[in-house]
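Start with the whole chain, then move to its charged pairs. Keep the model open as you read.

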Amino acid sequence: MKHILIIDDDMHIGNMLEEALSKEGYGVLRAYSGTESLYVLSKVRPDLVLLDLMLPGLSGEDVLPYIKDIPVIVVSAKIDIDNKVSLLLDGAVDYVTKPFHMKELLARIAVQLRKSAAMPAASSLTFDDITLHPDTHTAAIDTTEIRLTRTECAILKILIQNQT
């Protein structure tokens, strides 16, 4: 059974999502704030996260960088295109605007779970004192970790793979 973490402070939306996901055979975990979501993620590793942005405590934008190796679908009422693009470049795999159609969201969830099941675990690449983690778009130089954009990560990956 695949498990999905719903991070949303709106009780009605969370209950609706939980009911629909349970009917589809998914296990459901809930968090009602950004801070609570980090606690839940420290205890369990869901197969997918549905992340609202406007949360009490830490916002969804603040939580996203802490979610590693788990597909995140942002489900938010924010419609600003720059915000959407930024979140997708920072690691979200999809963005669904509220209000949404449940059938569409369920399809997007199924696609992301299928993709993550088909993808082999990405391994780190190393060159001298640089370690690249393509799956999380991060690089470490000695002990200093740096977040990279997808483009920066792709360029660094090519350079490391083609070192002479």
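What share of the accessible surface of the protein chain belongs to carbon and sulfur atoms? The answer is 57%, out of an accessible surface of about 9300 Å². Bear in mind that this is a predicted model.

Now the overall fold. The protein chain holds six helices and nine strands. Along its principal axes, the C-alpha trace spans about 55 × 30 × 30 Å. Of the 164 residues, 40% count as buried. Take the contacts with a separation of 6 or more: 48% of them come from residues 24 or more positions apart.

Next, charge. The protein chain carries 16 positive and 23 negative side chains. The centres of these two sets lie 7 Å apart. Side chains of opposite charge can pair when their charged atoms come close. A search of the whole structure finds seven salt bridges.

Go to Arg30 and Glu18. They form a salt bridge, with the closest N and O atoms 2.6 Å apart. This pair links distant parts of the chain: Arg30 sits in strand E2 (residues 27–31), Glu18 in helix H1 (residues 11–23), and 12 residues separate them. Is Arg30 buried or exposed? Arg30 is buried, because its relative accessible area is 14%, under the 20% cut-off. Glu18 has a relative accessible area of 27%, so Glu18 is partly exposed.

Glu61 and Lys78 form another salt bridge, and their closest N and O atoms are 2.8 Å apart. Here too, distant parts of the chain are linked. Glu61 belongs to helix H3 (residues 60–63). Lys78 lies in the loop between strand E4 (72–76) and helix H4 (81–89), 17 residues from Glu61. Both partners are partly exposed: Glu61 at 25% relative accessibility, Lys78 with a relative accessible area of 26%.

Now look within one helix. Glu104 forms a salt bridge with Arg108, the closest N and O atoms being 2.7 Å apart. Why are the two separated by about one helical turn? Because Glu104 and Arg108 are four residues apart in helix H5 (residues 102–118). Glu104 is partly exposed at 35% relative accessibility. Arg108 is partly exposed as well, with a relative accessible area of 26%.

Methods. Residues numbered from 1 in each chain as written. Predicted model: local features only at pLDDT ≥ 70, side-chain atom pairs only at ≥ 80, totals over all residues. Heavy atoms only, no water. Buried < 20%, exposed > 50% of the residue type's maximum accessible area, 1.4 Å probe, protein only. Contact = heavy atoms within 4.5 Å. Areas by Shrake-Rupley, 256 points an atom, 1.4 Å probe, with all protein chains shown as cover. Lys, Arg positive; Asp, Glu negative; His and termini not counted. Charge placed at Lys NZ, Arg CZ, Asp CG, Glu CD. Salt bridge = Lys/Arg side-chain N within 4 Å of Asp/Glu carboxyl O.
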